[in-house]
Amino acid sequence: MMSSPESSNVRLRRALETAGYRFTEQRAAVYRFLCGTASHPSADEVFQQVRAQVPGISLATVYKSLETLVNCGLAAKLTYGDGSARYDGRTDPHHHARCVSCDRVMDAPGRIPDQDLDTLGQGLDGFFLVGYRLELTGFCENCRPLEEDGSSAGAMN
Ligand SMILES: [Zn+2]
Ligand SMILES: [Zn+2]
């Protein structure tokens with residue numbers, strides 16, 4: 001799934017220039033990092049990783065680069081009710097599972113047929129539907145509470 005830096009640069013340059021942006025090393029570094037991780041990082045997490053490769057890059061530049069990638073359709077932005085945002089190098093339609101304890105975000109492997117999702121909006125008078133978002137919430141494997149009866153812990157022994 002991971003493409004080489006050369007082909008990712010070509011794809012990035014084409015998409016940026018089509019949308020009226022310039023190709024820059026900073027944008028390329030942010031894009032490469034985002035495409036190589038499944039962790040759905042925040043802007044700050046991207047900054048922490050990318051500044052090791054691009055000395056002198058600022059959080060503001062990382063943030064603007066991420067927004068540029070989203071505007072070009074090269075990345076997706078997941079926003080939450082508390083104003084926080086996470087970025088995703090995957091732009092194909094998929095849903096997410098989020099750990100309510102550590103905020104880890106994972107791609108959900110499953111799909112719900114579009115016609116099933118359409119039924120959710122049926123009977124909503126006057127609502128012009130343009131999309132939907134679906135998020136699974138729960139505990140990741142690191143945060144999952146231990147079960148009282150030990151049935152799942154016992155399987156590990
Ligand atoms: Zn967790
Ligand atoms: Zn994702």
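Trainee: Is His40 buried or exposed?

Mentor: His40 is buried, as 22 other C-beta atoms lie within 10 Å. A residue counts as buried if 20 or more other C-beta atoms lie within 10 Å of its own, exposed if 12 or fewer, and partly exposed in between, with C-beta atoms placed from the backbone. Please note that this is a predicted model, in which local features need pLDDT of at least 70 and side-chain atom pairs count only at pLDDT 80 or more, while totals for chains, interfaces and linings use all residues. Residues are numbered from 1 along each chain as its sequence is written, and chains are lettered from A and ligands numbered from 1 in the order in which they are written.

Trainee: Where is His40 found?

Mentor: His40 is in the loop between helix 2 and helix 3. Helices (H or I, at least four residues) and strands (E, at least two) are DSSP runs, numbered from the N terminus. Phi of His40 is near 50°, a positive value in a residue other than glycine.

Trainee: And what is phi of Asp103?

Mentor: Phi of Asp103 is near 70°, which is again a positive value in a residue other than glycine. Asp103 lies in the loop between strand 3 (95-99) and strand 4 (105-108). Asp103 is partly exposed, with 14 other C-beta atoms within 10 Å.

Trainee: Turning to the helices, at what angle do the axes of helix 2 and helix 4 cross?

Mentor: The axes of helix 2 (residues 25-35) and helix 4 (residues 59-71) cross at roughly 70° and come within 9 Å. Axes are lines fitted to C-alpha atoms, for helices over the stretch in contact, and angles run from 0 to 180 degrees between N-to-C directions. That makes helix 2 roughly perpendicular to helix 4; angles under 35 degrees count as roughly parallel, over 145 as roughly antiparallel, 65 to 115 as roughly perpendicular and the rest as oblique.

Trainee: Which residues make that contact of helix 2 with helix 4?

Mentor: Helix 2 contributes Gln26, Arg27, Val30 and Tyr31, and helix 4 contributes Thr61, Val62, Ser65, Leu66, Thr68 and Leu69. Two residues are in contact if their C-beta atoms, placed from the backbone, lie within 7 Å.

Trainee: What about helix 2 and helix 3, at what angle do their axes cross?

Mentor: The axes of helix 2 and helix 3 (residues 43-50) cross at roughly 110° and come within 10 Å. Helix 2 is therefore roughly perpendicular to helix 3. Ala29, Val30, Phe33 and Leu34 of helix 2 meet Val46, Gln49 and Val50 of helix 3.

Trainee: Which residues touch the most other members of the largest nonpolar core?

Mentor: Val30, Leu34, Val46 and Leu66 do, in a core of 19 residues. A nonpolar core is a set of buried Ala, Val, Leu, Ile, Met, Phe, Trp, Tyr and Cys residues joined through C-beta atoms within 7 Å. Helix 2 gives the largest share of this core, six residues. Leaving aside neighbours within four places in sequence, Val46 is in contact with Val30, Phe33, Leu34, Pro41, Val62, Leu66 and Tyr87.

Trainee: One more residue: where is Leu74 found?

Mentor: Leu74 is in the loop between helix 4 and strand 1 (76-79). Leu74 is buried, with 22 other C-beta atoms within 10 Å. Not counting residues up to four places away in sequence, Leu74 touches Leu12, Ala15, Tyr31, Leu69 and Thr91.
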